[in-house]
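Open the model, try each task, then check the worked solution.

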Amino acid sequence: FQTLGSSYTLMGLTVVWTVAFEIPLFQQSPWLIRHWRGPTLLLVSCASYVVRVLGYCVIPHGHVAWVLLLEPLHGVTYAGSKLAAVDWAATHSPAGWEATGQGVVTLWQGLGS
């Protein structure tokens, strides 16, 4: 942010803006998983990430507010990847073990961090 000539205030606003887009996606998660399934959600998540990162690369110095146009894509990236992981765990876990499967996926993601 400092490279673009921004402030910590705008940086904080980007987090609020991102979460504002994540909440409705998570609220609609049953519908998203039922209609799009995990692989599609993961593809949408990855595409959103690519567009967001490439967009950051072309923001001119002094026009840091453009970040606010790209930040909703982080919500799509995060929610899509988490929902895809939940769908994968539920699909690949034995009946009655779905919560354990989600715990294993979360552990795996944590180890990769």
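The expected span of a helix is 1.5 Å times one less than its number of residues. Keep in mind that this is a predicted model.

**Exercise 1.** Find out what the chain is built from and what box its C-alpha atoms fill.

*Solution.* Start with the elements: there are 5 helices and 0 strands. Read from the N terminus on, they run α-α-α-α-α. Next, take the principal axes: along them, the C-alpha atoms fill a box of roughly 55 × 30 × 20 Å. Then look at burial, where buried residues make up 29% of the 113 residues. Finally, turn to contacts with a separation of 6 or more: residues 24 or more positions apart account for 67% of them.

**Exercise 2.** Compare the reach of α4 with its expected span.

*Solution.* Helix α4 covers residues 72-92, and its count is 21 residues. Apply the rule of 1.5 Å a residue and you expect 30 Å. From first C-alpha to last, α4 reaches 30 Å, close to that expectation.

**Exercise 3.** Describe how α4 packs with α5.

*Solution.* Two packed helices are described by the angle between their axes and the distance between the axes. For α4 and α5 (residues 98-111), the axes come within 8 Å and cross at roughly 135°. Angles over 145 degrees would count as roughly antiparallel, so this pair, at its angle, is oblique. The handedness of the crossing is right-handed. On the α4 side, the contact is made by Lys 82, Ala 85, Val 86, Trp 88, Ala 89 and Ala 90. The α5 side brings Glu 98, Gly 101, Gln 102, Val 105 and Gln 109. Sort them by class and you get 6 nonpolar, 3 polar and 2 charged residues.

**Exercise 4.** Now do the pair α2 and α4: at what angle do the axes cross, and is the crossing left-handed or right-handed?

*Solution.* Helix α2 spans residues 29-57, and its axis comes within 7 Å of the α4 axis. The two cross at roughly 135°, which makes α2 oblique to α4. The crossing of α2 past α4 is left-handed. By class, this contact has 13 nonpolar, 9 polar and 3 charged residues.

Conventions:
Residues numbered from 1 in each chain as written. Predicted model: local features only at pLDDT ≥ 70, side-chain atom pairs only at ≥ 80, totals over all residues. Heavy atoms only, no water. Axes fitted to C-alpha atoms, helices over the stretch in contact; angles between N-to-C directions. Helix = DSSP H or I, 4+ residues; strand = E, 2+ residues; numbered from the N terminus. Parallel < 35°, antiparallel > 145°, perpendicular 65-115°, else oblique. Left-handed = near helix turned anticlockwise from the far one by under 90°. Contact = heavy atoms within 4.5 Å. Nonpolar A, V, L, I, M, F, W, Y, C, P; charged D, E, K, R; others polar. Buried < 20%, exposed > 50% of the residue type's maximum accessible area, 1.4 Å probe, protein only.
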